[in-house]
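Dear colleague,

I am passing on the structure we spoke about, and my notes on it follow below. Please read them with the model open beside you.

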Amino acid sequence: MGFGDLKTPAGLQVLNDYLADKSYIEGYVPSQADVAVFEAVSGPPPADLCHALRWYNHIKSYEKEKASLPGVKKSLGKYGPTGVEDTTGSGAADAKDDDDIDLFGSDDEEESEEAKRLREERLAQYESKKAKKPAVVAKSSILLDVKPWDDETDMAKLEECVRSIQADGLVWGSSKLVPVGYGIKKLQIQCVVEDDKVGTDMLEEQITAFEDYVQSMDVAAFNKI
């Protein structure tokens with residue numbers, strides 16, 4: 001398993017293809033698997049690798065919380081598609097400044113046991129919180145206006161980038177191009193969200209992160225379901 005060399009365009013392409021139908025490296029929530037791969041990537045993937053860039057921007061938003069994410073960080077060869085060998089280099093997943101504190105990476109056996117206990121407690125709290133959620137889920141239907149920079153923007157690629165955004169509680173619907181003047185068209189796209197999982201701020205942050213294509217995003221209509 002692996003992604004090849006994540007420092008190269010070929011490795012990033014493997015990562016992009018792997019994330020085409022996934023929100024995270026493993027499971028349905030951010031985890032130490034995402035942290036390991038994120039730290040191996042030298043910077044934001046290019047805009048044409050929209051799945052990898054969407055994932056990168058999302059995991060970057062957890063920078064201050066990465067130590068508390070569930071799971072145990074493994075070597076890069078433990079993640080990714082089968083049949084691809086990791087060649088990023090030893091220690092790439094843990095490449096950080098010497099003064100960066102890793103709450104889960106101690107050589108002290110006693111501290112490691114304490115870190116393991118904390119992880120298990122947090123994971124148990126998370127699972128308990130999910131189990132206690134009410135059966136009735138509040139949802140909203142949102143109509144978004146996504147505006148390009150000019151009439152030369154590839155609107156098909158812009159829509160592909162928007163639809164690449166995946167999250168628990170988010171379902172994309174129909175879309176159309178609407179003229180706004182001077183030959184420019186905006187993308188008008190419908191989505192249904194679970195209110196306690198996905199908000200308009202999160203959608204705007206992730207959509208406008210595709211800055212090579214997107215100038216701005218506005219909420220055209222918002223209706224409770």
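In this predicted model, four strands form an open sheet in the order S2-S3-S1-S4 with antiparallel pairing, where strands are DSSP E runs of at least two residues and helices are H or I runs of at least four, both numbered from the N terminus, and two strands pair if DSSP finds at least two bridges between them. S2 and S4 are the edge strands, each pairing on one side only, and the twist averages 20° from one strand to the next. S1 and S3 are joined by eight bridges, and Val-146 has Leu-187 of S3 as its bridge partner.

H5 packs on this sheet, touching S1, S2, S3 and S4 (contact means heavy atoms within 4.5 Å), and its direction makes about 15° with that of S3, angles running from 0 to 180 degrees between N-to-C directions of axes fitted to C-alpha atoms, for helices over the stretch in contact. H6 also lies across S1, S2, S3 and S4, at about 155° to S4.

Residues are numbered from 1 along each chain as its sequence is written. Local features need pLDDT of at least 70 and side-chain atom pairs count only at pLDDT 80 or more, while totals for chains, interfaces and linings use all residues, and side-chain values use heavy atoms, with hydrogens and water left out.

Best wishes
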